[in-house]
Amino acid sequence: METETYRAIFNRALEEIHDEYKEKNKEDDFKLYFNLTYINDHQNTIAVSVPSEFLWQQMTSKGYIKEVIKKIEVLSGQKNIDLRPVIAEIGKSAESDSRKKPSEKIAITQKPEKKKPHPQLRSDFIFETFVPGENNNFAYLAAFAVAKEPGKQAGRNPLLFYGGSGLGKTHLMESIGNYIYENSPEPLKICYISAESFTNEFTASLTAKKADQFKSKYRNLDVLLIDDIHFLQGKAGTQEELFYTFNALRDANKQIVFTCDRPIKELKEFSERMQSRLSSGTSIDMNPPNYETRRAILQKKLELQKKDIPPEVIDYIAQNVETNVRDLEAALNKMIGYAEIVQKPLTIDIAQEQLRDIFTVVSTENISIEIIQKVIADFYNISVSDINKPKRAKKFVIPRHIAIYICREMTEYSYTEIGQEFGGRDHSTIMHSYEKINEQLKTDSTLAMRIQQLMREIKNYKK
């Protein structure tokens with residue numbers, strides 16, 4: 001029989017832990033990793049509500065659950081306390097087999113009846129199909145926190161995900177929309193739209209003299225999700241309209257989420273006040289997944305497709321595709337398709353042969369310094385001559401250093417030869433530029449991601 005013997009002790013334990021984390025300036029960690037609500041208890045087992053199975057796994061693996069148990073044992077004077085999770089978002093227990101007590105029953109709030117899919121959101125872009133890893137744990141947890149309480153967390157409104165293509169930005173954004181749509185007790189106005197479509201719709205409203213109708217539609221939303229905000233570069237009219245839409249929504253405590261392919265401060269031809277609004281909440285850098293996460297992503301996709309391929313082939317793909325989830329999926333689908341068409345068991349030899357075109361690294365033998373300079377100048381919206389001339393403004397120096405670094409990495413030219421192509425600079429100056437970027441890369445993941453993106457563009461420029 002369930003009781004409430006430990007309710008007061010459990011709540012006091014969380015309060016004390018909260019105070020400790022405040023003193024250590026780690027209140028955000030507390031909010032994310034101690035997201036537990038007391039349900040009831042039986043003997044020395046306490047049932048607690050948890051937002052998701054993933055979050056419970058994170059709490060356990062990082063030692064936070066042990067921290068709660070230890071605090072409860074100290075306060076109660078009891079030993080062998082156990083916490084049993086009940087996953088609130090899907091209405092099921094996540095207890096491990098070793099802890100399971102089939103005879104005990106726990107009250108569970110069932111998930112509301114499933115609705116028809118939202119017309120603008122992909123039904124497969126949900127939190128359950130997103131595979132978190134070290135590269136995106138914080139992004140996942142922040143997205144889930146926003147989905148649970150849209151518009152109520154000032155520090156996460158707006159929420160912005162930025163990074164290269166195929167890293168899961170849109171997946172997380174639409175997961176937020178789908179979660180709110182599925183779990184909100186009352187109907188909410190949720191809009192997902194790309195920045196390009198937003199621009200086209202705004203322009204059409206002006207042409208048709210329906211600007212007021214456009215404003216009414218977007219300024220009365222509960223949740224606004226805008227993908228690829230970088231598309232608005234140079235579009236002053238659309239930026240101005242978004243500025244006022246943004247203000248109207250945030251003043252009304254409505255949730256706003258954006259994605260972008262780079263940090264906001266690097267957007268060109270973007271008004272300062274719009275940049276300020278976009279940066280006023282939480283901005284999260286999405287990085288390429290590591291090997292363990294890549295392997296988990298492949299296994300998850302196989303599970304969703306109800307397919308199976310040999311573990312060694314999964315390993316082979318995970319080890320060789322280091323770019324993004326989209327490329328991982330392309331390699332996996334090619335293997336699945338081959339196996340279904342040829343009706344032969346997959347082997348490493350077959351994978352090596354069939355994936356050669358995907359894994360082949362583009363030869364850099366014919367990449368010229370001129371191409372590198374042009375790609376980087378275009379990216380930073382300056383001219384090639386700006387890179388080569390002795391200009392000391394930061395907007396020219398940073399691209400110049402990056403161009404020099406990439407020249408050393410992607411070509412066989414010496415420091416002296418590179419110096420000749422950069423306005424006749426001597427080899428020591430070129431070496432200093434290279435070393436400066438090399439040092440920054442050790443601590444700046446955003447810079448590393450940007451340079452990888454530029455290298456890909458340089459390789460593709462030749463094609």
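How close do the axes of helix α5 and helix α6 come, and at what angle do they cross? In this predicted model, local features were considered at pLDDT of at least 70 and side-chain atom pairs at pLDDT 80 or more, whereas totals for chains, interfaces and linings use all residues. Residues are numbered from 1 along each chain as its sequence is written, and side-chain values use heavy atoms, with hydrogens and water left out.

The axes of α5 (residues 137-148) and α6 (residues 169-183) come within 9 Å and cross at roughly 25°. Axes are lines fitted to C-alpha atoms, for helices over the stretch in contact, and angles between N-to-C directions run from 0 to 180 degrees. The angle makes α5 roughly parallel to α6 (under 35 degrees; over 145 is roughly antiparallel, 65 to 115 roughly perpendicular, and the rest oblique). The crossing of α5 and α6 is right-handed, a term used if the near helix is turned clockwise from the far one by less than a right angle. On the α5 side, the residues that meet α6 are Ala 139, Tyr 140, Ala 143, Phe 144, Val 146, Ala 147 and Lys 148; on the α6 side they are Leu 172, Ile 176, Tyr 179 and Ile 180. Contact means heavy atoms within 4.5 Å. By class, this contact has 10 nonpolar, no polar and one charged residues. Ala, Val, Leu, Ile, Met, Phe, Trp, Tyr, Cys and Pro count as nonpolar, Asp, Glu, Lys and Arg as charged, and the others, Gly among them, as polar.

Helices α7 (residues 195-207) and α8 (residues 211-219) pack at an angle of about 145°, with axes 7 Å apart. Phe 198, Glu 201, Phe 202, Ser 205 and Leu 206 of α7 make the contact with Ala 211, Phe 214, Lys 217 and Tyr 218 of α8. Six nonpolar, one polar and two charged residues take part in the contact of α7 with α8.

The chain holds 21 helices and nine strands, defined as DSSP runs numbered from the N terminus (helices H or I, at least four residues; strands E, at least two). Its C-alpha atoms fill a box of roughly 80 × 60 × 50 Å along the principal axes. Of the 463 residues, 47% count as buried (under 20% relative accessible area; exposed is over 50%, partly exposed in between; 1.4 Å probe, protein chains only). Among contacts between residues at least 6 apart in sequence, 71% join residues at least 24 apart.

In helix α3 (residues 53-61), the buried residues are Phe 54, Leu 55, Trp 56, Gln 58 and Met 59. Their cover includes α2 (27-33), β2 (45-50), α4 (64-76), β3 (82-87) and α5. Gly 63, which follows α3, has a positive phi near 90°.

Asn 247, found in helix α9 (residues 236-251), counts as buried at 18% relative accessibility. The side chain of Asn 247 makes a polar contact with that of Arg 277 at 2.9 Å (a pair of N or O atoms within 3.5 Å; within protein, one must be able to donate a hydrogen and the other to accept it, and residues adjacent in sequence count only if both atoms are side-chain atoms).

Backbone features were also recorded in loops. Gln 43, in the loop between β1 (37-42) and β2, has a positive phi near 55° although not a glycine, and is exposed at 62% relative accessibility. Lys 306, in the loop between α11 (291-305) and α12 (311-320), likewise has a positive phi of about 55° and is exposed, with a relative accessible area of 74%. A cis peptide bond with omega of about 10° joins Asn 157 and Pro 158, and Pro 158 lies in the loop between α5 and β5 (159-162).
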